[in-house]
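Dear colleague,

Please find below the structure that I am handing over to you. My findings follow it, and I would be grateful if you read them with the structure open.

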Amino acid sequence: MDSLLDFPRSAVHTSTEARLTSLFEMGRGEPRPYGRPMNLNLEPIYKSYDSFSINIYKKGHFREIAKEGVKMPLLNHDINLQEKKVVIADVDDTICETCHVISPEMAGQISAMIREGYVFAFISGTKQSYLLEMISSQLKEQHFLLATTGTQCLEAHPEPKLVYNHTLQEEEKKEIMEALEKLTAKFNIQTLTTTEDQIQDRESQITLSAIGRKAPLELKKQHDPDGSKRKVWVEFLKTVLDQHKYEMNIAGTTSIDITRKGMDKEWGIREFARYYGIPLHSIIFFGDKIHPGGNDYPATKIVDCMAVKNPAETLQKLQQLQKINNLNLEDQDLAR
Ligand SMILES: [Mg+2]
């Protein structure tokens, strides 16, 4: 491959394996064969997109680099969006409204980007059957599902194929279930649906959905909008479950996800990247809970992240990401 910037075009119609091999290759070798400096140059983007507004968190620390209408200096070591060819996105409230299927607009945008050579993976505390329904039923290009916080990886199209799986032991499940029963009794947390829908065994993760996963969305949104109830619950859980053994994270609208320690989104992303040999600098993560205590926060420790409020903002930012690369491809063409 002559240039990283050739990647999106040249990779169209190649198999996933070939695409991922190309990604691996592009992580090697110095100096990089760029026609332009490595850093993202905001100037042409501002000229083209007046309302360009983006919150990017560089790996390892938070940094808001640009706000709507405000130009901020970018250092050379800042995030290079041109090298982001792998999009890993949270699902609930990032790609889809909680527990809803992906919108036709979002599916269309992602499909177009996959056809241009981007790789998409969706990581969620949700189990694989729900993700197949929420995303893969509508998205007809090859993509990956990282179910139950990435402990299960599926190649989801054309036929779902389980790539790897790391599930909880029976005694671990029992320990977690008992802790959650103590929690629901102590705080009188009542489900509006069924007990199985409130405390869900997702094989590699146990999830509490306070009023039930299938409770009406409006009621779920009102239940704990700022997560303050669940912060108290997590503190209680830490007194009855060994916090050196288990991870307890606030997720979705009413949920707490419990996994083995270390099996958070950082782990899920690392495992996916390791398995397919994807360089971490080529990954950009999208999430609506990129704040300490949120279930997307661990992603900031390993890859560059983009914070979004909802699926509408994700759609807008994906369009911008796609345009940045097309803009630079055009600039390169002009420079020849
Ligand atoms: Mg989310």
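What percentage of the 336 residues of the protein chain count as buried? The figure is 42%. Please note that this is a predicted model. The protein chain contains twelve helices and twelve strands. Among contacts between residues at least 6 apart in sequence, 63% join residues at least 24 apart.

The nonpolar cores

The largest nonpolar core comprises 49 residues, and Phe-122 and Phe-285 have the most contacts inside it. Strand β3, residues 119-123, gives the most to this core, with five residues.

Helix α5

In helix α5 (residues 128-136), the buried residues are Gln-128, Leu-131, Met-134, Ile-135 and Ser-136. They lie on the same side of α5, because the arc they cover around the axis is only 150°. The elements against which these buried residues pack are β3, β4 (144-146), α6 (147-150) and β5 (152-155).

Backbone features

The peptide bond from His-157 to Pro-158 is cis, with omega near 5°; Pro-158 belongs to the loop between β5 and β6 (161-165).

Thr-149, in helix α6, is a residue other than glycine with a positive phi, near 60°. Thr-149 counts as buried because 29 other C-beta atoms lie within 10 Å, where 20 or more are required.

Asn-188 is likewise not a glycine, and its phi is positive at about 50°. Asn-188 is found in the loop between α7 (170-186) and α8 (195-198). Is Asn-188 buried or exposed? Asn-188 is exposed, because 6 other C-beta atoms lie within 10 Å and the limit for an exposed residue is 12 or fewer.

Leu-219

Leu-219 is placed in helix α9 (residues 217-223). With 13 other C-beta atoms within 10 Å, Leu-219 is partly exposed. Not counting residues up to four places away in sequence, Leu-219 touches Leu-192 and Ile-211. Leu-192 is 27 residues from Leu-219 along the chain, and their C-alpha atoms are separated by 9.8 Å.

Yours sincerely

Notes
Residues are numbered from 1 along each chain as its sequence is written. This is a predicted model: local features need pLDDT of at least 70, side-chain atom pairs count only at pLDDT 80 or more; totals for chains, interfaces and linings use all residues. A nonpolar core is a set of buried Ala, Val, Leu, Ile, Met, Phe, Trp, Tyr and Cys residues joined through C-beta atoms within 7 Å. Helices (H or I, at least four residues) and strands (E, at least two) are DSSP runs, numbered from the N terminus. Two residues are in contact if their C-beta atoms, placed from the backbone, lie within 7 Å. The arc is that of the directions from the helix axis to the C-beta atoms.
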